[in-house]
Amino acid sequence: MTAQPPPTWIDMSRDVELALALAQGRPTGPAADEVRKRLRSYLRLLVGPAEEYATCLTDLRARDIAIATVGHARGLLRDQQGDPEAVLRLLAKSVSCLMRYVHQARGERGVGSTPAARPTAGTPPPSTW
């Protein structure tokens, strides 16, 4: 059995969009469950590098917000219950935020400067994030 390659930024972005669409129409069932599972796996990949970025911010307000956002993402990893629609939205938004933090960290340290700066392979998220 071969190991699955790590998800790309494109994979994560597509699943964020898919989760938000499912939340509007069909937040339960096998497809939604699979998307929730993938989003949680992305959070596990992103939470460490995002937290590292958050703690290094010099703007105190931005640091507090980023640390709280990472803490919220960690909470979503622990909490498996709740309204299926809300959970999909929360997971999607958390993945999106953490992707943005990791992308910003990569820009500040230089792309590929440390393994933590490269949690996934593939194209970086759009610069509009």
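I looked up α1 (residues 9–25) against α2 first: their axes come within 10 Å and cross at roughly 135 degrees. Axes are lines fitted to C-alpha atoms over the stretch in contact, with angles from 0 to 180 degrees between N-to-C directions. α1 and α2 are therefore oblique (under 35 degrees is roughly parallel, over 145 roughly antiparallel, 65 to 115 roughly perpendicular, the rest oblique). On the α1 side I noted Trp9, Met12 and Leu22 among the contact residues, and on the α2 side Val35, Arg38 and Tyr42 among them (contact means heavy atoms within 4.5 Å). By class, this contact has 12 nonpolar, no polar and three charged residues.

This is a predicted model, where local features need pLDDT of at least 70, side-chain atom pairs need 80 or more, and totals for chains, interfaces and linings use all residues. Numbering runs from 1 along each chain as its sequence is written, and side-chain values use heavy atoms, without hydrogens and water.

Next I checked α2 with α3 (residues 60–78): the axes come within 9 Å and cross at roughly 155 degrees. α2 and α3 are therefore roughly antiparallel. Leu43, Val47 and Ala50 are among the α2 residues that I found there, and Ile67, Val70 and Leu77 among those of α3. The contact divides into 10 nonpolar, one polar and five charged residues.

α2 (residues 30–56) gives the most to its lining, with four residues.

Methods. Helices (H or I, at least four residues) and strands (E, at least two) are DSSP runs, numbered from the N terminus. Ala, Val, Leu, Ile, Met, Phe, Trp, Tyr, Cys and Pro count as nonpolar, Asp, Glu, Lys and Arg as charged, and the others, Gly among them, as polar.
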